[in-house]
Amino acid sequence: MTVIRPLAEADLHAVATMIGDLNEHEGSDRGTAPDAAALCLAFLTDPTGYLLVAETLRGLDGYVTLHVTYETEFAARGCYLGDLYVRPEARRAGIGRALLAAAARLARAEGGTFLWWTARPENSAGHAFYRALGAEGEPLRAFALTFDAFDRLATETAP
């Protein structure tokens with residue numbers, strides 16, 4: 001049986017490990033994964049969004065992060081998913097679907113009518129999973145302004 005629930009303080013180290021595993025799998029080289037203290041600040045002490053975990057008899061097997069947003073295309077509130085991760089040994093057991101269903105319920109409770117996320121182009125298994133849920137792919141390219149480029153832009157003033 002899988003229980004989907006909000007992050008608790010006792011989960012911080014396990015979730016930090018899963019985030020590190022996800023970043024390594026995706027070849028992320030933008031920085032380090034958050035440690036337990038950073039996760040505590042971001043999701044428990046001064047929340048910037050939500051982090052839900054999937055707990056099974058084995059322990060924590062997955063997580064999803066999301067935050068409330070507004071999308072002008074839909075003229076509605078909804079949630080943007082940052083991460084969806086299920087440990088490789090726990091995949092194909094319904095955990096990813098359960099995490100996304102819980103995310104949809106949370107979005108609806110926040111007055112939302114949609115979930116939105118991005119996926120890496122090479123993640124064909126993920127794409128198939130998302131389409132099986134009824135998600136539609138969109139032809140777009142994601143951009144990220146980070147670190148030095150972010151700092152430079154943040155210090156600019158209007159002309």
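Of the 16 residues in the largest nonpolar core of this predicted model, those touching the most other members are Leu7, Val15, Leu39, Leu51, Val53 and Tyr63. A nonpolar core is here a set of buried Ala, Val, Leu, Ile, Met, Phe, Trp, Tyr and Cys residues joined through side-chain atoms within 4.5 Å. Buried denotes under 20% relative accessible area, exposed over 50%, and partly exposed the range in between (1.4 Å probe, protein chains only). At least two residues of this core come from each of helix 1 (12-26), helix 2 (36-45), strand 2 (50-56) and strand 3. Helix 1 contributes the most, with 6 residues. Helices (H or I, at least four residues) and strands (E, at least two) are DSSP runs numbered from the N terminus. Leu39 touches Leu7, Leu12, Val15, Ala16, Ile19, Pro34, Leu44 and Leu51, residues up to four places away in sequence not being counted; contact requires heavy atoms within 4.5 Å. A second, separate core of 15 residues includes Leu52, Leu99, Ala102 and Leu106.

Residues are numbered from 1 along each chain as its sequence is written. Because the model is predicted, local features need pLDDT of at least 70 and side-chain atom pairs count only at pLDDT 80 or more, while totals for chains, interfaces and linings use all residues; side-chain values use heavy atoms, without hydrogens and water.

The structure holds 5 aromatic pairs. Rings of Phe, Tyr and Trp (its six-membered ring) are paired if their centres lie within 6.5 Å, with planes under 30 degrees apart counted as stacked, over 60 as edge-to-face and the rest as tilted. The pair of Tyr63 and Tyr85 is tilted, because the ring centres are 6.0 Å apart and the planes stand at 40 degrees. Tyr63 belongs to strand 3 (residues 59-71) and Tyr85 to strand 4, so this pair ties together parts 22 residues apart in sequence. Both Tyr63 and Tyr85 are buried. Phe129 and Tyr130 form another tilted pair, at 5.6 Å centre to centre and 55 degrees between the planes. Phe129 is partly exposed at 28% relative accessibility, whereas Tyr130, at 13%, is buried. Together with Trp117, Phe129 and Tyr130 form one aromatic cluster.

In helix 4 (residues 124-133), the buried residues are Gly126, His127 and Tyr130. They lie on the same side of the helix because they cover an arc of only 100 degrees around its axis, taken from the directions from the axis to the C-beta atoms. Strand 4 (76-86) is included in what covers these residues. The face turned away from the buried side carries the exposed residues Ser124, Ala125 and Ala132. Helix 4 is followed by Gly134, with a positive phi near 105 degrees.
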